[in-house]
Every structure is written in structure tokens, then in C-alpha cells.
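The following exercises ask the student to read a protein model step by step. Each task is followed by a worked solution.

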Amino acid sequence: MAGQGTWQPKEEGLREICGVLELHISPTSDKPRIWQQLQHYSQFPDFNNYLVFIFAHAQGASVEIRQAAGLLLKNNLRSAFKLLDPAYQQCIKSQLLPCLGEAKRDIRNTVGTIISVIVQQERILGWPELLQVLVRCLDSNDINHMEGALDTLSKICEDIPHELDLDVPGLSERPIDVFLPRLLQFFQSPHASLRKLSLGSVNQFIMLMPTALYLSMDQYLQGLFVLSHDPVAEVRKLVCAALVQLIEVNPSFLEPHLKNVIEFMLQANNDADNEVALEACEFWSEYCEAQLNPQLLREFLQQLIPVLLSNMVYADDDESLIDSEEDESVPDRDQVFRVLWSFSLTDLKPRFHSSRFHGSEDMKDDDDDSLSIWNLRKCSAAGLDVLSTVYGDEILPTLMPLVQAKLSTSDDGSWKEREAAVLALGAIAEGCIRGLYPYIAEIVEFLLPLLDNKFPLLRSITCWTLSRFSKFIVQGIGHKKGYEQFNKVLMGLLRRILDTNKRVQEAACSAFATLEEEAAEELTPHLEIILQHLLCAYGRYQKRNLRLVYDAIGTLAETVGGELNQPRYLQILMPPLIAKWQQLSDADKDLFPLLECFTSIAQALENGFSQFAQPIFQRCIKIIQSQQLAKVDPSSAGMQYEKEFIVCSLDLLSGLAEGLGSGIESLVSQSNLRDQLLQCCMDDSIDVQQSAFALFGDLARACPAYLHPCLSEFLNVATKQMSTPKLTESISVANNACWAIGELAIKVGQEVSPYVMTVVSSIVPILQHAEGVNKSLVENSAITLGRLAWVCPEIVSPHVEHFMQEWCTALSMIHDDIEKEDAFHGLCAIVRTNVSGALNSLGYICRAIASWHVMTSEDLHNEVCQILLGYKQILKDGGWEQCLSTLEPQVKEKLSNYGV
């Protein structure tokens, strides 16, 4: 193309590239060939110079070609700007700046995007003249220059706002100090585009709250209040967004103006523009979560509640209406799995697979909200839900007459009103339960016929609302009428699981899974009919809803446990699942929910699963092996690497180990699982490691002898996960590794002694900083320390003064169970070994002992009695009494159970 120096394009090169760009934007062109041609051009060092020249100077070219050149330039610069020759970098930058005042808006918008990409690469510091040009444009009074500069600034504020709040050498002020007064001034512009861009730019700084904005808050708020009456909906939407963010970040800014803000938000919540109303609707949840004066909002509840209920009615363009009539015979469209109503009421969301985690607190973020389009209906229902939790039964006198009025309609034209009323009942089911409780049976009786309503979305929302009351429906089983109503709900949901409408199937399965969790063993007499319905659905459902059937089956197994282990139930349950298992290939992602379902069944059936275990075990090993090969050589493996196959297979093997116990030894002894597992424990994926350490712990419980040949390797890898730098990367892996070490220690005893102090030195900092660490990791650390102390007290006890108090505090927080029992055996062992070292922590030891509700182990009870009695004998001359005087009355009362 062209040589370096004072760069000038060659006419031939310009014509050639313009021709390719013209083809690139043509809808009928050969896209792969054009893309290949552009990739060829990109090998020339000055290709981006040509693109910027076409974008900035090719006046004869169409706006579309110039814009295509600009967007291609932006993409190239994002990955390669720093690799360009400095002279070419300067050439590109110098040609972009004049485009800020370009007459054509599309070009102005595109130049802003390109400039923002460059600033992200070399920061404000690397392009000081940009600031000068932006300021000149903003002060120019020329609409094109002002809009171009504001558009560019808004993109920089959106992408890297923090950059504008940093000192720049050579400038007396930070960029934000230069720009903020000008942005606030533009709030008063007669041009809507300038008002919108300036407000959007300032809003980007609310979360950061730089000093400049903090000091200008009064001016900013006054500007917001003026713009709240703006005739342009996009501006009003940005005002609402600003107020919502302010109340989240620092409610005190708005406190003097709250009454006016609430009145504006009420008005905006009823705005004719749906996006303004949605943005305003977010305010109510944020207000309640900010713990502002509830009395102030209480005054507006009679106005607010009707607005929320009105906005809960399906809009005519709601996505749910588009496919609400979709029959089960219609093939699934190629789309992500949809969540129907995933507002803040999270119990509606189907549960997707996540790696096994050992502890009391789930580590996984629930990101299912990303699968669903947030809209005014869902936001209004979420707002009503939050209001019900704050104001409880106070909202019922306003809400219930409106709900009853909507429910009393019966004509086909008002079904959306009835649907919104049913949604409202579900939304307040928890927050208003005290006021609703006397009427629950009546509400349920009213809802049951709606399960058979002709409108699918009314049937589906009824399933969900019934699930919101399922806890109270189950509580009524003890008396005849309650039992009859439970049966009606159970059979009603099962009937809807076999609905022909996909949306109803989806809602019914999710609702039934919730009912299963609440009812648990109460489902045992109904197992046969439940399984018949679920497996009938299994044979009918298409791929998307099939995942919900797996979830319902898995939840059933978890809730009824061993009750499922009867031939007549297994004959219904297993053949269809096994048939699907055999039908799916090792690279089919439909295996994921089936593997998870088998995991739950294996844990429930325990040894009853042994008849199905061997082929499932062998296939899991095969899948892990194939995926490990695919990771390094996809062509040899014949598939692309997908870590989820390994995660799900490891978790199913964990389920087998947990279910079969020592019975799994005959399976693992004939396999290479040990080597595969060690490899997975060292994998670069956090999810794979997390599941691998869970399996390591389960195998340590079930068949520790199998792990023996690789004991040192496993302990080395697990111990490394406990180091402090690793904790910042993945607490979940450290948690499972810590738990697995404790499980192994109990089984192999003194053989862990070479690793004890390494593990202890990693655990102690976790206990010392417990407030800032995940609860489960603290609990597992306390338990594992106790187990190590039990098997190697002589190694741990000399260091007792460094951790005893924090350890006892952590032990006090753990629920009574076998793991806590093990930890207390360790506590007693090291106290016996180092009586004087533990003496300074006696009060903490007493509180830890008092944390037991019931100590069921007689051996442990005797050990604790001996420890306390020993200290009572040591502390003479009133020492014991002085120790007791520092304890809380309830602690002293508990200690009386141990003979002191």
C-alpha cells in the first residue's frame, strides 16, 4: 500500500478498499469472501490509515461506506492500537478530531465510539489534545460541534468514567472538574439531544461519586428537578435513573427532597412512555432497601398500589403474549432457556446445574435474571413484593378490593386483569402472610379452578401463585379439610404438568418442585401417581421444558430419599431415564440435566442404585477422559472441549460415592479415576476444581484406601488451595479442598501428619478474618482444624495460643451435627495435650461448648465433662468462679449440663 513518512493514501488503494466496503454493507454479498479480503488488507501496516482517511475525508463516498470504514477501524484499534507505529497512531488521531463537528450525525456518533476505544487503550494521558478539542467544541455554540463532543464525552463517561477523575500531568484540574460545570450547564439547552447526552454523562459518575460531583450535588439535583418535566421521554427516563441510583448510593442526598421525589416518581410510574414508567418503578424497591423513613412513603401507598397493580397487567406487546399459545407439538425455537417471571421472587426460577459445594452457604451467584427480559409488569410485581415485606398487612385494605374487583370479572376480554390479580396475590404471599393467613384456604379454593382456565397465561400464573402458598398448604395437612385441599393442589399441578401448552408446562413443573420441597415425606403416599405424571411428561416434553422435568424428578428424590427405593417406583422411574442416557452421545449437552438428575437419584436410593451404577460409572469415566483429551487435542477426541461435561460427570460420581458408600470401591478399583481426579484437581477451571475436590472428599469418606497411592499428591494439591492468594481467586475451591482434607484426615489418621502444619497455617488466617470470609469456608476451616487436632493433637496443640479464641468462636456458629462432633473431639484432644496453653481461652471454650443444643454422643459428653472438671480443679482460690462470672447467664446454664 503506502510507505511511512508523511502518510498519503494511494488512489488505487482507496478505490479498492471502498469497493470492498461497499460489498461488505450489501445484504446480497458473499460475506465470508469479503471478510477474508478485509483480513488480507489488515496485514498491511497502514490499512487503518486508509480506513480513517475514508471515514474522515472520502466526501464522494456514501455515509454508509464511511460509517463501515469507521466501525471496522474501531474493531481493529480495539485489539491492535498499541501495536501500531506511533506515527500511524498520530495520523489516525489527528484525522478523527475534525470529525467531531461533522454535519452528518451518523459520522459524529461513529467518531465518538472510535475515540472512546483509543482512550481506553492509551488513557487521557496519551491524548492531551483531545481534552482541548472537546472543550473548544463544547464552548463553540455550534450544534454539530457541541453534539459531537458531547456524544464522544458520553461514551468515554460510559466506558471509563474513572479516567476523568484522575490527575493529568500538565493540567491544573482533573478532566471532570473541567467538564462537569459544562455538562450541568447543558441541562438548560434548548436542544433535546444536548440535554440527553449531558444528563446521561453525569449519571455515569453517580456510582463513583467523585469529589467534583459531590460538591456540585445541589446544582445537579436542581437540574434534575427541572428536567423532570422535560417534554422528551428519554430525558425523563434518565432523570428517573439518576434518582434511583442516588437513593441506592447515598440516600441522604435526596432526604430533604423526598416528598417531591416520591410525587414525581408516582407521576413517572404512570408515564405514557413505557421505558420512563419502568425506570421510575425501580424506585420503590430501592427506597425500601435504603431503609429510609417508611412513614413518608406510607402516605402515598393508596396512590402507589393501584399504579403498580395496573402496570402488572400484560402489555399488548409483552413477549409472553407472543408465544403464549405455543403448543407442545411446535418445535422449540433456537433460543436461550427462558425464565417466565424472574423478578425478585427467586423461587420461580428453574435451578440449573452448578458445581457441588460442601457447606451451609451457596457460593454460586444466581444469574438467571439475565435469561429473561425485564419489563414494567415484572418490575411492578417485584415492587409490590418489596412493599409487602416492609409494610406487611397495611397494604391489604388498599390492595385487596382492587384484586377482588379484577378477579370478579369473567368475560374473555378481561382475562389479563384477572391474571394480574393472581400475580399480585403471589407477590404478597410472604410479606402479607399474617393478614392473609386466616383466608389461605379460601384463596386456594378460589385459585384451584383457574388451573383449568382456557387462557394459558392465567393457568401458568395460578401454578406459580399456588407455589407461593405451598408452605401453608402443607401445614394444613394435619386436619381433614387441609389434607383434602393439599390433594387438590397436588393433583391440579400434576394435571397442569401434562398441559399441552409449553408455558403452562414450564410454570407447573417449577411450582411442583417448590411444593415438593415443602411437602417432603408427605409426598410418599402419592409417589406412584407423581412418578406416572412426571414420566409421562418426560415422554412428551421438548428439549427446553425437559430440563424442568429433570429438576422435578431430582427434587422429588432429594425430598423423599430412600422411600423411592421400591421396585414398583423404580420400574416407572428408571427405564425412560436409562433409555435417554443410552440415546444421547457423550458430546450432547442434553446430558447435563440428566447427569444432575441421576446424581440426586443415586444419593436418594443409596445401595438401591447399585443395579444401575456400573454402566453409569464407566460412562462418566469415559466422558471425563474424552474431555481431558479434547482440551489438548480436539481433533483426536472428535469433539470440542466443554468443561461442563467434566463438572457434571464428577458430580454424578460424587453422588454415587455418597449413595453407594463403600459399595463404590468395586467400581473405582477397576478404573483410572484416581489419576483423572488428580488432574481435575489441578485444572485451570474453578468449576472443575470445585467438583473435583468434592469428589475427593466423598471418596475419602467411602473408600480412602483407593486414594492411598496418591495420598501425598492429593494433599499437596488440596493444601495449595488453602493459601491466602488462592482465596482471592476462588473461595469455592478452597472450601471444598478444606472440607476434603478434613474428611481424609478422619479416615487415614496419622498419615496426614506431614501436612498438618501447612494446612493449619492456612486455616488460622481464615479464622482470624472470619467476618470478611464466606460463612461456609469459616465453618469448614473450623471443622477441618478440629479433625486434624483429633488425629494429630501432639502436632497442633503447641500452637493453640495462636488460634484457640477464633477457633472456638467459629465452632460456636456451627449447627449440631457429626462434623461438629469430630471438631469437638479435636478440641478436647488438644486441650488435654496442652492444658496451660488453652487456659487463657477458657471463656471461649465454655461458650463453644454451650453452643450445643443437644450433645448426642455420650463419649464426647464425657470428654467435655472431664475437660471442664479438670479446669475447675486447676483454678483454685475462686479462679473458677471468676471465670464463670465473665460468662453470659445462658452459657452458665448450659454448662450445668456438664457437671460444673
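**Exercise 1. A residue in a helix**

Is Thr152 buried or exposed? The model under study is a predicted one.

*Solution.* 
Step 1. Locate the residue: Thr152 belongs to helix α8.
Step 2. Read its accessibility. The relative accessible area of Thr152 is 0%. A residue counts as buried under 20%, so Thr152 is buried.
Step 3. Identify the surroundings. When neighbours within four places in sequence are left aside, Thr152 is in contact with Leu100, Gly112, Ile115 and Leu134.

**Exercise 2. The buried side of a helix**

Determine which residues of helix α9 are buried, and why they lie on the same side of α9.

*Solution.* 
Step 1. Describe the helix. Helix α9 spans residues 175–186, twelve residues in all. From its first C-alpha to its last, α9 reaches 17 Å, which is close to the 16 Å expected at 1.5 Å a residue.
Step 2. List the buried residues. In α9 these are Pro175, Ile176, Phe179, Leu180, Leu183, Leu184 and Phe186.
Step 3. Consider their directions. These residues cover an arc of only 145° around the axis, and therefore they lie on the same side of α9.
Step 4. Find what covers them. The cover includes α7 (128–138), α8 (143–159), α10 (192–203), α11 (211–215) and α12 (217–227).

**Exercise 3. Pairs of helices**

Describe how α5 packs with α6, how α17 packs with α19, and how α23 packs with α26.

*Solution.* 
Step 1. Two packed helices are described by the angle between their axes and the distance between the axes.
Step 2. Treat α5 and α6. The axes of helix α5 (residues 86–96) and helix α6 (residues 105–122) come within 11 Å and cross at roughly 140°. The crossing is left-handed. Gln89, Ile92, Lys93 and Leu96 of α5 make the contact with Val111, Ile114, Ile115, Ile118 and Glu122 of α6.
Step 3. Treat α17 and α19. For helix α17 (residues 301–311) and helix α19 (residues 376–391), the axes come within 8 Å, and the crossing angle is roughly 145°. Here α17 passes α19 in a left-handed crossing. On α17 the contact residues are Leu301, Leu304, Leu308 and Asn311, and on α19 they are Leu376, Arg377, Ser380, Gly383, Leu384, Leu387 and Tyr391.
Step 4. Treat α23 and α26. Helix α23 (residues 440–447) and helix α26 (residues 480–497) have axes that come within 11 Å and cross at roughly 35°. This crossing, too, is left-handed. Ala441, Val444 and Glu445 of α23 meet Gln485, Lys488 and Val489 of α26.

**Exercise 4. Residues with positive phi**

Where are Gln291 and Asp877 found, and are they buried or exposed?

*Solution.* 
Step 1. Examine Gln291. Gln291 is not a glycine, yet its phi is positive, about 55°. Gln291 sits in the loop between α15 (274–289) and α16 (294–298). Its relative accessible area is 71%, so Gln291 is exposed.
Step 2. Examine Asp877. Asp877 has a positive phi near 55°, although it is a residue other than glycine. Asp877 is in the loop between α49 (858–874) and α50 (879–885). With a relative accessible area of 84%, Asp877 is exposed.

**Exercise 5. A buried residue in a loop**

Which residues are in contact with Ser841, leaving aside its neighbours within four places in sequence?

*Solution.* 
Step 1. Locate Ser841: it is in the loop between α47 (835–839) and α48 (842–850).
Step 2. Read its accessibility. Ser841 has a relative accessible area of 4% and is therefore buried.
Step 3. Name the partners. Beyond neighbours within four places in sequence, Ser841 is in contact with Met804 and Gln805.

Key:
Residues are numbered from 1 along each chain as its sequence is written. This is a predicted model: local features need pLDDT of at least 70, side-chain atom pairs count only at pLDDT 80 or more; totals for chains, interfaces and linings use all residues. Side-chain values use heavy atoms; hydrogens and water are left out. Helices (H or I, at least four residues) and strands (E, at least two) are DSSP runs, numbered from the N terminus. The expected span of a helix is 1.5 Å times one less than its number of residues. Buried means under 20% relative accessible area, exposed over 50%, partly exposed in between (1.4 Å probe, protein chains only). The arc is that of the directions from the helix axis to the C-beta atoms. Contact means heavy atoms within 4.5 Å. Axes are lines fitted to C-alpha atoms, for helices over the stretch in contact, and angles run from 0 to 180 degrees between N-to-C directions. A crossing is left-handed if the near helix is turned anticlockwise from the far one by less than a right angle, and right-handed if clockwise.
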